[in-house]
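Hello,

Here is the structure we talked about handing over. Please open it alongside this note. My findings follow below it.

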Amino acid sequence: MFLTGRCGCGKTMLSAIVANESIKRGRSVLFATVPRLLSDIKATFDEAKGESTLSVLKSIESVDVLVLDDLGTEKASEWVAETLFSIINERYHEQRQTIITSNYTAERLESNLNGDYSETGTRILSRLRSMCKHVEITDDDWRM
């Protein structure tokens, strides 16, 4: 699923419900905001911490259900786009359940991830369009 909509419309809550139901059914789940996930991956660059970047990426790519919350809130860079592409591409090829939430439209995400000279955002969104059902939630911010 690819859930888009304004802040507070219930994207994260809906994703959490699906994740919790998946856990009840014995499936492995990783639920993470995209900025935090990328920060955790970067933390593995310091080899003294013991866990290799490759092993962290493999665990993200192979979990039964991956929820990437708040795609688009991360600071865009070539490394960010390439890392997200690697994760999404592997999950696309392995047909693993992936749920992505974003406050941005698919077009805006694509543009942000493309940056100035890259087509990585286009490649990411192409896979998302193929592997995910896009659901736009148009409700108001329920936190207000």
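Does Q95 count as buried or exposed, and at what relative accessibility? Q95 counts as exposed, because its relative accessibility is 73%. Buried means under 20% relative accessible area, exposed over 50%, and partly exposed in between, with a 1.4 Å probe and protein chains only.

Before the rest, the ground rules. This is a predicted model, in which local features need pLDDT of at least 70, side-chain atom pairs count only at pLDDT 80 or more, and totals for chains, interfaces and linings use all residues. Residues are numbered from 1 along each chain as its sequence is written, and side-chain values use heavy atoms, with hydrogens and water left out.

**Backbone**

Q95 is found in the loop between helix 4 and strand 4 (97–102). Helices (H or I, at least four residues) and strands (E, at least two) are DSSP runs, numbered from the N terminus. Q95 is not a glycine, yet its phi is positive, about 55 degrees. D70 also has a positive phi, near 65 degrees, and is a residue other than glycine. Most residues other than glycine have a negative phi. D70 lies in the loop between strand 3 and helix 4 (78–94). D70 counts as partly exposed, because its relative accessibility is 24%.

Five strands form an open sheet, with parallel pairing and the order 2-3-4-1-5. Strand 2 (29–33) and strand 5 (134–137) stand at the edges; each has a single partner strand, so one side of each is left without a neighbour in the sheet. Two strands pair if DSSP finds at least two bridges between them. Strand 2 and strand 3 (residues 65–69) pair in the parallel sense over five bridges. The bridge partner of A32 is L68, in strand 3.

**Rings**

The structure holds one aromatic pair. F45 and W79 form this edge-to-face pair, 5.8 Å centre to centre with 85 degrees between the planes. Rings of Phe, Tyr and Trp (its six-membered ring) pair if their centres lie within 6.5 Å; planes under 30 degrees apart count as stacked, over 60 as edge-to-face, the rest as tilted. The pair links distant parts of the chain, 34 residues apart: F45 is in the loop between helix 2 (34–43) and helix 3 (53–62), W79 in helix 4. F45 is partly exposed at 46%. W79 is partly exposed at 25%.

The charged end of R123 sits over the ring of F85, 4.0 Å from its centre. Here NZ of Lys or CZ of Arg must be within 6 Å of the ring centre and within 35 degrees of the ring normal.

Best wishes
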